[in-house]
Amino acid sequence: MISNSKIKICSPINNQKEREYILTTLFCDFLGIPVQISFENRIDYKLVINNCIIFVHDDFFNRNELPLSYLKKENIPQIINYQKLLNVEIPLIWGNEKFTFNDEEIYIGNDFFATAFFFLTQWEEYVLKVDKGLSIRDKIDENLLFIIRNRLQKKCLVNDILEFLKELLEKCGLKQFRTHHFDVMLTHDVDRCFLSSYEELCDNINQMLEMGANERAQRILSDYISYKKQGSNPFDSFDELMDISDQYGFKNHFYFKPCMIGDEGFTYSLNDNFVVKVIKNILTRGHYIGLHATENTSHSYKALKMENERLKGISGCAINGGRTHCLIYSPDVFRNLDRLGLLYDSGVGFQYYNGFRSSVCYPYPIFCIPERKKLHLKEYPFMVMDSVSTRNEMNAEDFFKDIISVMDTVKKYDGLLVTNWHSNMFNTKGREKFKKVYRMMVEYSSKIMG
């Protein structure tokens, strides 16, 4: 924590856990400023810094006073406005544009605390899944999300709020804030390590034909035959990926599925001799492995713990974090990852877009919505994923331009750029130009890092 005058915050008395989460996350975790929070019957937030008093309008939670009563579909905002305060443009979703500033006190009508809470907790997705009766494995159509409907996926609105807070607090005599540095985290979901068996190939081809994906089935069969004739393994890209990182001073994080034969979603056995050799080589070269928890763990802490133990046993090292397979997330999943003792998760991101799903490019603590609890588990949101190009049928040139826009935004805020490039897609047929895009992405990361 930065050595600064402690900010005394007097908050409205309702929704205390939610308010405490967003206040400590913004001020303590992001800005490095200690806070002392108290609660009383009042209609606004009162912040006391040195001899300066700031009042912030409480709009959102004031209209939803009972615990968890804010979790309603009608509370999901439809549009966004912006307000320029102290030369910083911030989102205005709840509250009003009133802003007064004098020597004694400051009044802000924009309820930006609620806005930051909305983006970081993603309570909108929790509400939509309940409203649509979706299971834990079902995904929300990303196009239904506020951030996509308003074309905000390339913006870091929480970062903008933080920039405004720094300007505001400097007016009150605070000059030191936590320093953030642009950094890069190259992650790789390891969905496959080698070609499937002939029997598994036939099962996959039949499933595609049943879904009407005839061209895809034909292409996969043709590629499979070609790989077999050449005696090559297109999914063994590990050394090549590490070579690129070593050249530019980065580290790779490979997330392995701890599957065994017979498990749902099985594509390789973690104890296969080749897989064990790959893991040992990654660690020997000074790179990292992580947990790519399978769909078997979405309902079960016991299954999650077993998969983590498998990976620890094979690797001989502690597992600090990872990402769930198929991006299956729910409050239960986050709670179980936290209970497991992982330091971080890196699964908050889009499947169809590059950008910022939680509108921030800094790691942040996860809030368990139903338990109303701030977890120890940190989220490292990913912003770039290779499969976005396939889902949108993007060419390599357009995909690289899209990535650059994201990278430049992360650099602007000195954030953490997290990418997800599947190791098994790196060398596959038809992806040669995207392989060049990956190298250009790493090279550009090194360039803007300075």
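The sulfur of C317 lies 16 Å from the closest cysteine sulfur, that of C193, which is too far for a bond. The structure holds 0 disulfides, a disulfide being a pair of cysteine sulfur atoms within 2.5 Å. C317 counts as partly exposed because its relative accessibility is 25%. C172 counts as buried, at 6%. Buried means under 20% relative accessible area, exposed over 50%, and partly exposed in between (1.4 Å probe, protein chains only).

The model is predicted; local features need pLDDT of at least 70, side-chain atom pairs count only at pLDDT 80 or more, and totals for chains, interfaces and linings use all residues. Residues are numbered from 1 along each chain as its sequence is written, and side-chain values use heavy atoms, without hydrogens and water.

Helix 2 (residues 112–121) packs with helix 5 (residues 157–171) at an angle of about 145°, the axes 9 Å apart. Helices are DSSP runs (H or I, at least four residues), numbered from the N terminus. Axes are lines fitted to C-alpha atoms over the stretch in contact, and angles run from 0 to 180 degrees between N-to-C directions. F112, T115, A116, F119 and L120 of helix 2 meet L157, V158, I161, F164 and L165 of helix 5. Contact means heavy atoms within 4.5 Å.

In helix 3 (residues 123–131), W123, E124, E125, V127, L128 and K129 are buried. These buried residues pack against helix 2 and helix 4 (146–149). G133 follows helix 3, with a positive phi near 65°.

Key. Helix = DSSP H or I, 4+ residues; strand = E, 2+ residues; numbered from the N terminus.
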